[in-house]
There are 2 protein chains.
Amino acid sequence: MTQQELMIKMMITAWESQNKRVDGILAKLTDEQMHAETAPNRNTGIYLLGHLTGVSDGMLPLLGLGEKLYPELENVFLTNPDKSDLEKPSLGQLKEYWKAVNTKLAAHFETMSADDWLSRHTAVSEEDFAKEPHRNKLNILISRTIHQGYHLGQLTYLG
Amino acid sequence: MTQQELMIKMMITAWESQNKRVDGILAKLTDEQMHAETAPNRNTGIYLLGHLTGVSDGMLPLLGLGEKLYPELENVFLTNPDKSDLEKPSLGQLKEYWKAVNTKLAAHFETMSADDWLSRHTAVSEEDFAKEPHRNKLNILISRTIHQGYHLGQLTYLG
């Protein structure tokens with residue numbers, strides 16, 4: 001394994017470890033707990049699950065891996081806040097979406113080379129990428145992993 | 001810049017970005033807000049600041065960069081919970097410690113090569129490291145960055 005491959009493997013492991021921590025919370029909490037607010041007047045567990053699923057789903061097009069599986073999540077869980085009047089999918093549906101998105105991403109990650117990871121993500125132009133080579137796919141994985149950690153710190157308050 | 005150096009730079013940038021987010025929270029919140037609980041019966045802001053500072057301070061020996069600057073933080077903010085009877089440093093002191101630890105780490109990071117980052121951290125034996133090369137210094141940086149994100153998600157509830 002090259003140094004590059006080792007570093008990428010470490011980042012994918014960190015990503016998977018955050019996903020597993022969310023899985024652990026989902027397995028542990030009751031439906032009632034997931035519908036509760038993480039703190040007074042803060043996002044509910046179900047909203048954060050929809051939010052994390054929507055963000056992960058958005059990695060598919062960002063990494064050039066295909067279309068989003070559930071584009072409808074963006075409006076409900078990314079553009080709009082928890083207390084919008086928009087109808088949310090059920091907790092059971094969201095858990096399925098969460099699993100499907102992670103399975104899809106994991107399958108793609110297995111096939112990606114170091115050069116793939118260091119190539120530009122689709123939200124940056126070729127011109128900008130030439131000047132800013134850090135705006136690559138691996139950087140998306142890093143930022144999304146930290147983002148998941150951020151909301152895990154909040155989800156843990158439900159237990 | 002080699003691919004390895006680019007990846008390490010991305011991780012250091014992610015680390016610094018989390019530190020800056022904590023700085024932003026410290027600049028924004030009043031002393032009273034920092035002494036409040038992040039959610040009912042959860043850790044206070046000042047405890048989380050001491051905890052993050054203690055964990056970052058612990059990176060110095062883990063990465064082979066020297067002794068901890070404030071070894072007394074471990075007992076108060078890592079081994080024991082917020083509601084212990086242990087005397088805590090003042091918020092003003094903790095803010096200074098936080099800054100000093102980050103300044104020290106940043107100075108070291110500037111001098112470290114890709115090979116340094118991929119060498120073993122001091123909590124793993126040479127024997128184990130030979131079998132598990134991912135237990136290197138860069139992996140400490142990755143896990144500590146995510147850990148900081150985790151508590152940032154909680155600190156943000158103080159605002």
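The model is predicted, so local features need pLDDT of at least 70 and side-chain atom pairs count only at pLDDT 80 or more, while totals for chains, interfaces and linings use all residues. Residues are numbered from 1 along each chain as its sequence is written, chains are lettered from A and ligands numbered from 1 in the order in which they are written, and side-chain values use heavy atoms, with hydrogens and water left out.

**The interface**

The size of an interface is often given as the accessible area lost when the parts come together. Between chain B and chain A the buried area is about 3000 Å², with carbon and sulfur atoms giving 67% of that area; the area is computed with a 1.4 Å probe and summed over both parts. Helix 1 (3-28) and helix 8 of chain B each supply at least two residues of the side of chain B that touches chain A, where helices are DSSP runs (H or I, at least four residues) numbered from the N terminus. That side of chain B divides into 17 nonpolar, 13 polar and 3 charged residues, with Ala, Val, Leu, Ile, Met, Phe, Trp, Tyr, Cys and Pro counted as nonpolar, Asp, Glu, Lys and Arg as charged, and the others, Gly among them, as polar. In the contact, defined by heavy atoms within 4.5 Å, 33 residues come from chain B and 32 residues from chain A.

**Helix 3 of chain B**

Helix 3 (residues 45-62) of chain B has 18 residues and spans 26 Å from its first C-alpha to its last, close to the 26 Å expected at 1.5 Å a residue, the expected span being 1.5 Å times one less than the number of residues. Of its 18 residues, 17 are buried, that is, under 20% relative accessible area (1.4 Å probe, protein chains only). After helix 3 of chain B comes Gly64(B), which has a positive phi near 70 degrees.

Leu155(B) belongs to helix 8 (residues 137-155) of chain B, and His151(A) to helix 8 (residues 137-155) of chain A. The table gives their relative accessibility.

| Residue | Relative accessible area |
|---|---|
| Leu155(B) | 3%, buried |
| His151(A) | 8%, buried |

Leaving aside neighbours within four places in sequence, Leu155(B) is in contact with Ile25(B), Thr38(B), Gly45(B), Leu48(B) and Leu52(B). With such neighbours again left aside, His151(A) is in contact with Leu48(A), His51(A) and Leu52(A). Leu155(B) and Leu138(B) are 17 residues apart in sequence, with their C-alpha atoms 25 Å apart in space.

Key:
Buried means under 20% relative accessible area, exposed over 50%, partly exposed in between (1.4 Å probe, protein chains only). Buried area is the accessible area (1.4 Å probe) that two parts lose on being put together, summed over both.
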